[in-house]
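This report walks through one protein chain.

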Amino acid sequence: MQRLIEFISNHPLLAAAFVGLLVAWIAWEISQRFRGFKEISSAQLVQMINDEAVALFDLGAVADYGQGHIAGAKHMAISQVDPQSRELAKLKDQPIALYCKSGMSTAPVASRLVKAGFSQVHTLKGGLQGWVADGLPLVKGKK
């Protein structure tokens, strides 16, 4: 314990940086737990597709959707996501999975759905790029 106190007194900036990073990491973990939706892996999504009637939405560009998407996914432009729409409103209590090309654009959409009362919202970690990196297949075309 004495050596720790000596280290902190000799390196206050390093100790402050460590404490700052620790607090930021704890805050990040807490925010992830209370955001209302869950980020899932490709394997978890495959399991959901096989086990449940999950509604799967591709939020990427239309051209990217035509070049390759996950089987069973419907395309929905991010700007067109309306939680009150007829298509989405009927899915309020069902599992919904969202993905985009990289996985970076899905969180705001997922948050919007959770705020609108959707109870089972999931986002694909790494997006379509993560799916492909895991060696999983894509379907080409507009269907």
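Val62 counts as partly exposed, at 46% relative accessibility. Val62 lies in helix 4, residues 62–67. Helices (H or I, at least four residues) and strands (E, at least two) are DSSP runs, numbered from the N terminus.

Leaving out residues up to four places away in sequence, Val62 touches His75 and Lys142. A contact here means heavy atoms within 4.5 Å. Lys90 is 28 residues from Val62 along the chain, and their C-alpha atoms are separated by 24 Å.

## Basis of the model

The model is predicted: local features need pLDDT of at least 70, side-chain atom pairs count only at pLDDT 80 or more, and totals for chains, interfaces and linings use all residues. Residues are numbered from 1 along each chain as its sequence is written, and side-chain values use heavy atoms, with hydrogens and water left out.

## Overall fold

The chain has 7 helices and 5 strands. From the N terminus on, the order is α-α-β-α-β-α-β-α-β-α-β-α.

The radius of gyration of the chain is 20 Å, whereas a compact globule of 143 residues would have one near 15 Å. That radius is taken over C-alpha atoms, and the globule rule is 2.2 Å times the number of residues to the power 0.38. Along its principal axes, the C-alpha trace spans about 65 × 35 × 30 Å. Among contacts with a separation of 6 or more, 69% join residues 24 or more positions apart.

## Burial and surface

Of the 143 residues, 31% count as buried. The accessible surface of the chain comes to about 9,200 Å². Carbon and sulfur atoms hold 61% of that surface. Areas come from the Shrake-Rupley method with a 1.4 Å probe; for residues, only the protein chains shown count as cover.

Which residues does Thr106 touch, not counting those up to four places away in sequence? They are Leu59, Leu98, Tyr99, Cys100 and Thr123. Thr106 is found in helix 6, residues 106–115. At 1% relative accessibility, Thr106 counts as buried.

Ser41 sits in the loop between strand 1 (38–40) and helix 3 (42–51). Ser41 is partly exposed, with a relative accessible area of 28%.

Pro137 belongs to the segment after helix 7 (127–133). Pro137 counts as exposed, at 58% relative accessibility. Gly68 is 69 residues from Pro137 along the chain, and their C-alpha atoms are separated by 8.9 Å.

## Charges and the salt bridge

The chain carries 15 positive and 11 negative charges, and their mean positions are 5 Å apart. Lys and Arg count as positive, Asp and Glu as negative; His and the chain ends are not counted. Each charge is placed at NZ of Lys, CZ of Arg, CG of Asp or CD of Glu.

A search of the whole structure finds 1 salt bridge, meaning a side-chain nitrogen of Lys or Arg within 4 Å of a carboxyl oxygen of Asp or Glu. Glu87 forms a salt bridge with Lys74, and the closest N and O atoms are 3.6 Å apart. Glu87 lies in helix 5 (residues 86–89) and Lys74 in strand 3 (residues 74–75), so the pair ties together parts that are 13 residues apart in sequence. Glu87 is partly exposed, with a relative accessible area of 33%. Lys74 is partly exposed at 46%.

Key: Buried < 20%, exposed > 50% of the residue type's maximum accessible area, 1.4 Å probe, protein only.
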